[in-house]
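Please walk through this model with me, one region at a time. Keep the structure open as you read.

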Amino acid sequence: MSENEQAEQPLRVGVVGLGFAGTTHTRSYQQVPGVEVVGLAGLEEERLAEMGEEYRIPHLYAQWEDLLARDDLDVVSVCTPNFLHAPIAIAALQGGRHVLCEKPLARNAAEAQAMVDAATAAGRVLHTAFNHRERGDVQTLKSFVDEGLLGRVYYAKAYWMRRNGIPGLGSWFTSKELAGGGPLIDLGVHALDQALYLMGEPEITSVSATTYAEFGPRGRGMRTVGNKKMQTGNGYEVEDLATAYMRTADGATLLLEASWMVQELRRRLRRDAVRHGGWRGDRRAALRLGGHPARVHGPGGRAGRDAPRVGARSGSPGGRGEVRRSRAERRLGRTHRAGRAEPGAHRRGLLRVGTRGAGGGRHARRVR
Ligand SMILES: NC(=O)c1ccc[n+]([C@@H]2O[C@H](COP(=O)([O-])OP(=O)(O)OC[C@H]3O[C@@H](n4cnc5c(N)ncnc54)[C@H](O)[C@@H]3O)[C@@H](O)[C@H]2O)c1
């Protein structure tokens, strides 16, 4: 087949996984011209049939090995629990397919290196689905950084602090063996990726980190709604909070926080603060109470759903702080179009990238 004829053929994709990730990949491929999802694999029989019908996918399999046995796939999407990322990706690469693998790339560095080696040996593309870096707000911020509007970025903080959203106890997410870790590997990788991307992928020269498992082992802070994850029958084996302090080769500092569960005490703080002389209306105060990590949001914060936030930060006490994504997008978009810097960008070099939220306030109050 000539190169021209090859270019006219649709890219033929196989997707492994039927959960949120698998569904998102499948739906997204359908929107890309010149791409055809020809096969799908996953263990949930009903969901497999449902997706096959909804997305008109002709070949359906329970096991990923049967999908990969096809000889007509150009690309494989890996949307399975983390312990299967390396085996599926390596098998696909060795079979000459390109691979789009969900984050985290792997459970550890050795697995990730084996995947990269397989891609290099096969001359195929291995890409990690770090979708958050593709967001409009992050892309706009990146253009600000590239244009020098923030000057040298020498300090950044990246976080995804879910206040009440541990994926179901005993699911693969809370298994050390199947997931490789907790919120750090699940959410923290997104925040870290965004920060490193915005900082120009600097080399990290030192890391000091801590992890805690305060709520999970006690069965608290579990996300119950919509949790149909593969069960292991084991308990809670991973951290529920991770923090890290990193230095880069070019002298910058990067802080990282990732949590599935931190205490929500907003109502009580406000009530007690008023009783003790007044509520100052601070946007946010971080406390540690009773040995448990607690993050308390003032009136400017909010309980409830995941709220990805990105913003260049003014850094001044009582300043505007970070902004919600939708506002940030609008404002960043506006200032971008107008060719002006974000208000507060005179405080150069400070970057804050993160997400905070998740879990209903109702349950957050209940865990107290
Ligand atoms: N990039 C993002 O924003 C994002 C969002 C959600 C999840 N993820 C990642 O995607 C991956 C999957 O997450 P999820 O929430 O969709 O998980 P999930 O548990 O809902 O789905 C996992 C799927 O893998 C399938 N599977 C397991 N073993 C299999 C086998 N042997 N053969 C074929 N299929 C098999 C299961 O049947 C299931 O359909 C994880 O690595 C997660 O970190 C990324």
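**Helix packing, ligand shell and confidence**

Ala86, Ala89, Ile90, Leu93 and Gln94 of helix H5 are in contact with Glu111, Ala114, Met115, Ala118, Ala119 and Ala122 of helix H6. Contact means that the C-beta atoms of two residues, placed from the backbone, lie within 7 Å. Helices (H or I, at least four residues) and strands (E, at least two) are DSSP runs, numbered from the N terminus. By class, the contact of H5 with H6 has nine nonpolar, one polar and one charged residues. Here Ala, Val, Leu, Ile, Met, Phe, Trp, Tyr, Cys and Pro count as nonpolar, Asp, Glu, Lys and Arg as charged, and the others, Gly among them, as polar.

This is a predicted model: local features need pLDDT of at least 70, side-chain atom pairs count only at pLDDT 80 or more, and totals for chains, interfaces and linings use all residues. Residues are numbered from 1 along each chain as its sequence is written.

How do the helices run? The axes of H5 (residues 85-94) and H6 come within 9 Å and cross at roughly 10 degrees. Axes are lines fitted to C-alpha atoms, for helices over the stretch in contact, and angles run from 0 to 180 degrees between N-to-C directions. H5 is therefore roughly parallel to H6, a label for angles under 35 degrees.

Now take a second pair. Helix H7 (residues 136-147) packs against helix H9 (residues 183-198) at about 30 degrees, with their axes 9 Å apart. So H7 is also roughly parallel to H9. Val138, Leu141, Lys142 and Val145 in H7 meet Gln194, Tyr197 and Leu198 in H9. This contact has five nonpolar, one polar and one charged residues.

Next, the ligand. Its shell has 25 residues, and Leu18, Gly19, Ala21, Leu43 and Glu102 come nearest. A residue is near if its C-beta atom, placed from the backbone, lies within 6 Å of the molecule. Helix H2 (residues 20-30) gives the largest share, three residues. By class, the shell has 12 nonpolar, eight polar and five charged residues. The ligand lies between domain 1 (3-129) and domain 2 (133-366), because both give residues to the shell. The domain bounds come from an automatic or database domain assignment.

Two backbone details deserve a look. Most residues other than glycine have a negative phi, and most peptide bonds are trans. Arg56, in the loop between helix H3 (45-54) and strand S3 (59-61), has a positive phi near 50 degrees. A cis peptide bond joins Lys103 and Pro104, with omega about -15 degrees.

Finally, confidence. The protein averages a pLDDT of 80, on the predictor's per-residue scale from 0 to 100. Over residues 335-348 the pLDDT is below 50.

Note on methods: Parallel < 35°, antiparallel > 145°, perpendicular 65-115°, else oblique.
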